[in-house]
Amino acid sequence: MSKVERRVRSLVREDGEMRDAIQTVLDNASGGEVRWVDVRDEITSGQWGRLIEKEILVDGEEGFALADRDCIEAGMEDDDGGGGDVETPETTSWSKWDKLAGLATVGAFVGYAVPPVRDAIAGAIDVVLGPLLNIVPFYVVIMVIALGTGLYSTLLRAGLMDMEKMGAYQERMKDIQERRKEAEKRDDDEALDQIQEEQMEAMGDQLGMFKEQFRPMVWIMFLTIPAFLWMFWVIGYRGSDAAYPAVAAQELVVPLAGTVTWDTGIVGPIQMWILWYFLCSMAFTQLVQKSLNIEMSPSSS
């Protein structure tokens with residue numbers, strides 16, 4: 001259901017006289033537009049203002065245009081006044097590949113605590129990334145990794161997360177909250193009880209939103225953790241020996257902290273290489289999203 005239809009239904013429920021006012025506007029909207037002088041004898045200025053406020057009427061060429069005639073007419077249709085106007089979207093099911101990626105991700109996490117697992121994963125990644133250390137400085141290697149993770153994380157989120165479905169979850173919760181406010185203004189205890197029950201049922205939407213968000217995250221972590229373990233392995237962390245001691249001992253000058261090495265703790269246990277990676281990752285992720293014009297915010301119909 002569109003926003004326009006939902007707003008029309010909300011106005012009609014809130015004030016029964018708005019139905020006649022909206023119908024008057026529809027009848028006088030020749031060419032899709034209507035002017036105040038055409039309807040001022042039949043509707044009040046307050047009703048006219050509500051239609052503009054709710055964006056049922058929007059700026060037109062000569063007057064105000066109908067936001068969407070079909071949606072407005074659909075919103076005028078009678079409903080039972082019970083449940084909400086926004087339906088709960090179906091939850092996305094995970095494929096067997098999603099589940100396998102999740103299991104592999106959990107296994108990769110073990111590498112942070114178990115040296116043999118870390119050495120095996122990092123050693124395999126070192127075949128690809130190790131030669132770069134002989135060509136460019138370590139901070140450039142981190143930038144390359146951050147660019148790669150930013151690129152595939154953006155593409156995976158855009159491809160695997162249904163933004164329209166996420167928007168539908170948010171739209172339903174917003175619809176419930178708006179109807180609750182309207183019922184409180186009317187002191188409609190019966191409606192409040194129904195909305196309370198619906199709100200309890202809608203708690204399942206939170207699980208649906210979590211599943212939508214976590215599905216691409218599984219694949220992102222599946223690809224990112226090995227690269228992160230490799231940097232962990234190169235520098236050494238939490239008492240582990242650095243695979244490349246010369247790289248770990250390289251000095252660099254950073255704002256506020258002064259001269260540090262890659263294994264220097266900048267913020268508590270967070271070493272310099274971790275901080276540099278996250279700064280690069282955030283910057284490149286934003287750059288990729290803007291360059292590819294990919295919207296990461298949920299959209300509603």
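Two residues are in contact here when heavy atoms of theirs lie within 4.5 Å. With that in hand, welcome to a short tour of this predicted model.

Figure 1. Let us begin with the overall picture. The protein has 301 residues, and 40% of them count as buried. Its secondary structure comes to 13 helices and seven strands. Take the contacts between residues at least 6 apart in sequence: 70% of these join residues at least 24 apart. The protein exposes about 16900 Å², and carbon and sulfur atoms supply 55% of that area.

**Figure 2. Helix H2 beside helix H5.** Here we look at a pair of helices, H2 (residues 17–28) and H5 (residues 69–76). Their axes come within 11 Å and cross at roughly 150°. Angles over 145 degrees count as roughly antiparallel, so H2 is roughly antiparallel to H5. The crossing of the two helices is left-handed.

**Figure 3. The residues that join H2 and H5.** Now we move in to the side of each helix that takes part in the contact. From H2 come Arg19, Ile22, Gln23 and Leu26, while H5 brings Arg69, Ile72, Glu73 and Met76. What kinds of residue make up the contact of H2 with H5? Four are nonpolar, one is polar and three are charged.

Figure 4. You will find Val39 in helix H3, which covers residues 36–39. Is Val39 buried or exposed? Its relative accessibility is 0%, and buried means under 20%, so Val39 counts as buried. Leaving aside residues up to four places away in sequence, Val39 touches Thr24, Asn28, Val34 and Trp48.

**Figure 5. Glu55 in a loop.** Our last stop is the loop between helix H4 (45–53) and strand E2 (57–59), where Glu55 lies. What is the phi of Glu55? Phi is near 60° for Glu55, a positive value in a residue other than glycine.

Technical notes: Residues numbered from 1 in each chain as written. Predicted model: local features only at pLDDT ≥ 70, side-chain atom pairs only at ≥ 80, totals over all residues. Heavy atoms only, no water. Axes fitted to C-alpha atoms, helices over the stretch in contact; angles between N-to-C directions. Helix = DSSP H or I, 4+ residues; strand = E, 2+ residues; numbered from the N terminus. Parallel < 35°, antiparallel > 145°, perpendicular 65-115°, else oblique. Left-handed = near helix turned anticlockwise from the far one by under 90°. Nonpolar A, V, L, I, M, F, W, Y, C, P; charged D, E, K, R; others polar. Buried < 20%, exposed > 50% of the residue type's maximum accessible area, 1.4 Å probe, protein only. Areas by Shrake-Rupley, 256 points an atom, 1.4 Å probe, with all protein chains shown as cover.
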